[in-house]
Amino acid sequence: NLAGRRKRITGLLEQGRRRPQLVTDCGDRWSLDCEEFDFDLIGQNVTVEGVLVGLDRLKVYWIGDSSA
C-alpha cells in the first residue's frame, strides 16, 4: 500500500556524503533518493514529496522551493 508510505516533508536541504538530506524544524533528518535535483536548492527550505523506502529514507518524486 503506497498511500501509507507517501510523505510530504518540508525542511532545510543539505548535501550529505552520499545523497542529499532534508532536516526538519524539529531536527528529523531524512536521506533522499533522487535521480536529479537543482543543486541551487542546497541550503534552502524545500518541500519534498516521495515514498518511504526505509526508516529515514525517501524515494523522491518531487522536490521544490517550499515557498512555491
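How many strands make up the closed barrel, and in what order do they run? There are 5, running 1-2-3-5-4 with mixed pairing. Strands here are DSSP runs of E with at least two residues, numbered from the N terminus, and two of them pair if DSSP finds at least two bridges between them. On average, neighbouring strands of this sheet are turned by 55° against each other, direction ignored; the axes behind that angle are lines fitted to C-alpha atoms, with angles between N-to-C directions running from 0 to 180 degrees.

Some ground rules: this is a predicted model, where local features need pLDDT of at least 70 and side-chain atom pairs count only at pLDDT 80 or more, while totals for chains, interfaces and linings use all residues. Residues are numbered from 1 along each chain as its sequence is written, and side-chain values use heavy atoms, with hydrogens and water left out.

**Stop 1: strands 1 and 2.** Select residues 20-23, which form strand 2. Look for Gln15, which stands opposite Pro20 in strand 2.

**Stop 2: Thr10.** Pick Thr10 in strand 1, residues 6-15. Why does Thr10 count as partly exposed? Because its relative accessibility is 43%, and the scale calls under 20% relative accessible area buried, over 50% exposed and anything in between partly exposed (1.4 Å probe, protein chains only). Now show the side chains of Thr10 and Thr47: a polar contact of 3.0 Å joins them. (That term means a pair of N or O atoms within 3.5 Å; within protein, one must be able to donate a hydrogen and the other to accept it, and residues adjacent in sequence count only if both atoms are side-chain atoms.) Asn45 is 35 residues from Thr10 in sequence, yet their C-alpha atoms are 6.9 Å apart.

**Stop 3: Glu49.** Jump to strand 4, residues 45-54, and select Glu49. Glu49 is buried, at 18% relative accessible area. Beyond four places in sequence, its contacts (heavy atoms within 4.5 Å) include Lys7, Arg8 and Trp62.

**Stop 4: the core.** Finish with Leu32, Val48 and Ile63, the residues with the most contacts inside the largest nonpolar core, which has 13 residues. Such a core is a set of buried Ala, Val, Leu, Ile, Met, Phe, Trp, Tyr and Cys residues joined through side-chain atoms within 4.5 Å. Strand 5 gives the most to this core, with 3 residues.

How values were computed:
Helices (H or I, at least four residues) and strands (E, at least two) are DSSP runs, numbered from the N terminus.
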